[in-house]
Amino acid sequence: MNTGDLLNIEPTELRFNFEVRKQANCSMTLTNKTDKYVAFKVKTTNPKKYCVRPNTGVVLPGGTCEVTVTMQAQKEAPLDMQCKDKFLVQSAMAPDGSTAKDITSEMFNKDDGKVVEEFKLRVIYIPANPPSPVPEESEEGSPPREDVNEQAALASAVTRSFEGTKEKDSEARSLISKLTNEKASAIQQNQKLRHELDMMKREIGRRRSGGVPVYVVVLIGILSILLGYLMKRT
């Protein structure tokens with residue numbers, strides 16, 4: 001509280017709950033410490049930003065007057081929530097019976113040898129929704145939001161990994177099935193060639209007395225080579 005000779009002013013600084021695109025109000029109380037009428041006038045360094053009601057008036061002897069200051073809605077928050085705006089409250093003795101209509105600018109002119117008290121107030125912004133150092137819980141016993149997000153991300157990663165494993169497993173099964181079919185086909189061809197080779201050997205045995213034709217020997221050789229190749233593949 002300011003203990004001037006004419007007025008006490010409380011509080012000594014103007015605190016606004018700052019929120020983007022919303023008006024904010026605060027008030028100050030002027031108390032007349034004398035047994036005389038005291039006139040006051042409130043000025044600001046940024047009149048387009050603030051609305052002061054009343055910005056002038058008369059405080060009766062021993063009486064009080066409440067002044068409301070409204071900050072217009074701001075489009076964005078200032079850097080580091082610091083404000084350089086200032087307010088000035090001027091007060092001077094007024095004739096008995098004076099009212100707000102009787103106040104003139106000359107009443108606060110120091111050049112006339114009048115006693116004019118001045119008190120400066122700074123502006124402080126208070127964040128409307130300050131960040132909480134402790135993670136908030138939606139319900140009692142429920143995990144913090146950050147933990148829930150981490151769990152959701154982990155579950156998504158596990159799901160993607162599982163789907164990738166299923167896709168690789170399907171490809172592996174398809175390859176094994178293909179190789180199995182090729183092996184069965186090779187075995188079947190091997191068995192067929194063996195059967196044909198045995199038939200040719202028996203035919204050669206029956207014709208030994210007459211000699212073995214050259215084309216038969218060549219055919220047996222080719223079949224033997226094919227048979228060996230197929231046996232290596234299986």
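## Close-up views of a predicted model

**View 1. R122 is partly exposed, with a relative accessible area of 47%.** On this scale, buried means under 20% relative accessible area, exposed means over 50%, and partly exposed lies in between (1.4 Å probe, protein chains only). Please keep in mind that this is a predicted model, in which local features need pLDDT of at least 70, side-chain atom pairs count only at pLDDT 80 or more, and totals for chains, interfaces and linings use all residues. Residues are numbered from 1 along each chain as its sequence is written, and side-chain values use heavy atoms, with hydrogens and water left out.

**View 2. E13, R15 and R122 are linked in a network of salt bridges.** A salt bridge here is a side-chain nitrogen of Lys or Arg within 4 Å of a carboxyl oxygen of Asp or Glu, and the structure holds five of them. R15 meets E13 at 2.7 Å, N to O. R15 is partly exposed, at 44% relative accessible area, whereas E13 is buried, at 17%. The side chain of E13 also meets that of R122, at 3.1 Å, N to O. This second pair links distant parts of the chain, with E13 in strand β3 (residues 13-18) and R122 in strand β10 (residues 116-127), 109 residues apart. Strands (E, at least two residues) and helices (H or I, at least four) are DSSP runs, numbered from the N terminus.

**View 3. K49 and D85 form a salt bridge between two loops.** Their closest N and O atoms are 3.1 Å apart. K49 sits in the loop between β5 (37-44) and β6 (50-53), and D85 in the loop between β8 (64-71) and β9 (86-94), so the pair ties together parts that are 36 residues apart in sequence. Both K49 and D85 are buried.

**View 4. The structure holds three aromatic pairs.** In one of them, the ring centres of F18 and Y125 are 4.9 Å apart and the planes stand at 40 degrees, so the pair is tilted. F18 in strand β3 and Y125 in strand β10 are 107 residues apart, and their pair links distant parts of the chain. Both F18 and Y125 are buried. For Y50 and F87, the centres are 5.0 Å apart and the planes at 75 degrees, so this pair is edge-to-face. Y50 belongs to strand β6 and F87 to strand β9, so the pair ties together parts that are 37 residues apart in sequence. Rings of Phe, Tyr and Trp (its six-membered ring) pair if their centres lie within 6.5 Å; planes under 30 degrees apart count as stacked, over 60 as edge-to-face and the rest as tilted.

**View 5. C26 and C65 are both buried.** The relative accessible area is 12% for C26 and 18% for C65. With a disulfide taken as a pair of cysteine sulfur atoms within 2.5 Å, the count comes to zero.

**View 6. Residues 176-203 are 100% helix and 0% strand.** The end C-alpha atoms of this span lie 41 Å apart. An unreviewed UniProt entry lists these residues as "coiled-coil region"; UniProt positions are given in the numbering used here, feature names are shortened, and annotations may be inferred rather than shown by experiment.
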